[in-house]
Amino acid sequence: MLNSQQIKNLKIQASEICEKTVELICSGGGGHIGGDLSEVDILTSLFKYMKHDPENPEWADRDYFILSKGHSAEAYYILLSEYGYLTEENLGNFGNFGALLGGHPSKKIPGVEANTGSLGHGLGLATGIALALKKNNKKNRVFVLTGDGELGEGSNWEALMSASKYKLDNLTWIVDRNFLQISGTTEEVMPLENLKNKAEAFGFKALDINGHDFDQIFTALDTRVENYPICIIANTIKGKGLACAENKAEWHHKTPTPEQLAELKKDMAAYREALV
Ligand SMILES: Cc1ncc(C[n+]2csc(CCOP(=O)(O)OP(=O)(O)O)c2C)c(N)n1
């Protein structure tokens, strides 16, 4: 359980990350804004929750995180920079030819464990890392964030079967359940419901939470069940915070106008002001 001050601090931090993510997208000339904004509260929580050391990204005792929905890289870059893995200069070069920060995360970036962006690979990678850690009696945990549309890739379901077979209780799979993918709703493109039942049928212990509620996110991250991998279905809003983009598939990849950016900044400032 988080106390009210911790929740307030997280809300302030996440609203600033939301703002900086949209600024980065505007400065770099584009980005997957919808899925970036749906994952901000999850990433903000994970970076606070996980064991990691920006001074030593390869620290042997770190927890691992894989952003399987690699297209939503911009919010991830902002978190990495907030924690000191990246510099302002790195952010300033985002999107430039040959720059460290491109449209999808790469292992060249300090703190990034895997190249992602081709959907359907992160869960398998995370499963392999978790298996190796378990075989070596290591205590590190492995977290992976997938999209929901991403689950149309069959490789995910192979990974789930392996995670269950090997009783990977060091693995936590989080689904950014915003119900939208690139071209419409997940339920139109490739129905997923009942996702919780599916995850459990594949051998996970599954939790269904509000992916914008920090208390619920932290409680879910804390959940461990011996011999079982965990699935957190984090219900989110695609485009969260940018009023004109919320829950709209056409905002999957789009750059806001300067007026829309100004509106977001105004909304975020009012939101922070209203926090008690
Ligand atoms: C293998 C593969 N196929 C297609 C794409 C193109 N693509 C990029 S994002 C996306 C939709 C992903 O939807 P979802 O997983 O729900 O992500 P979110 O809504 O959180 O952005 C698609 C199809 C891709 N990156 N990789």
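Figure 1. Helix 2 (residues 33-49) supplies the largest share of the shell around the ligand, with three residues; helices (H or I, at least four residues) and strands (E, at least two) are DSSP runs, numbered from the N terminus. The shell comprises 21 residues, of which Gly35, Gly147, Gly149, Glu150 and Gln181 come nearest to the ligand; a residue is near a molecule if its C-beta atom, placed from the backbone, lies within 6 Å of it. By class, three residues of the shell are nonpolar, 13 polar and five charged (nonpolar: Ala, Val, Leu, Ile, Met, Phe, Trp, Tyr, Cys and Pro; charged: Asp, Glu, Lys and Arg; polar: the others, Gly among them). Residues are numbered from 1 along each chain as its sequence is written. Because the model is predicted, local features need pLDDT of at least 70 and side-chain atom pairs count only at pLDDT 80 or more, whereas totals for chains, interfaces and linings use all residues.

**Figure 2. Buried face of helix 9 (residues 214-221).** Phe214, Ile217, Ala220 and Leu221 are the buried residues of helix 9; a residue is buried if 20 or more other C-beta atoms, placed from the backbone, lie within 10 Å of its own. Viewed down the helix axis, these residues fall within an arc of 130 degrees and so line one face of helix 9; the arc is that of the directions from the axis to the C-beta atoms. They pack against helix 1 (4-28), helix 2, strand 3 (171-177), strand 4 (205-210) and strand 5 (230-235).

**Figure 3. Buried face of helix 6 (residues 155-165) and the residue that follows.** The buried residues of helix 6 are Asn156, Ala159, Leu160 and Ala163. Their arc is within 105 degrees as seen down the axis, so they line one face of helix 6. Their cover includes helix 5 (122-135), strand 2 (142-147) and strand 3. Lys167, which follows helix 6, has a positive phi, near 50 degrees.

**Figure 4. Tyr77 in the largest nonpolar core.** Among the 63 residues of this core, Tyr77, Val144, Ile174 and Cys231 touch the most other members; a nonpolar core is a set of buried Ala, Val, Leu, Ile, Met, Phe, Trp, Tyr and Cys residues joined through C-beta atoms within 7 Å. Beyond its neighbours within four places in sequence, Tyr77 is in contact with Leu24, Leu86, Leu91, Phe94 and Leu101 (contact: C-beta atoms, placed from the backbone, within 7 Å).

Methods
Buried ≥ 20, exposed ≤ 12 C-beta atoms within 10 Å, placed from the backbone. Contact = placed C-beta atoms within 7 Å.
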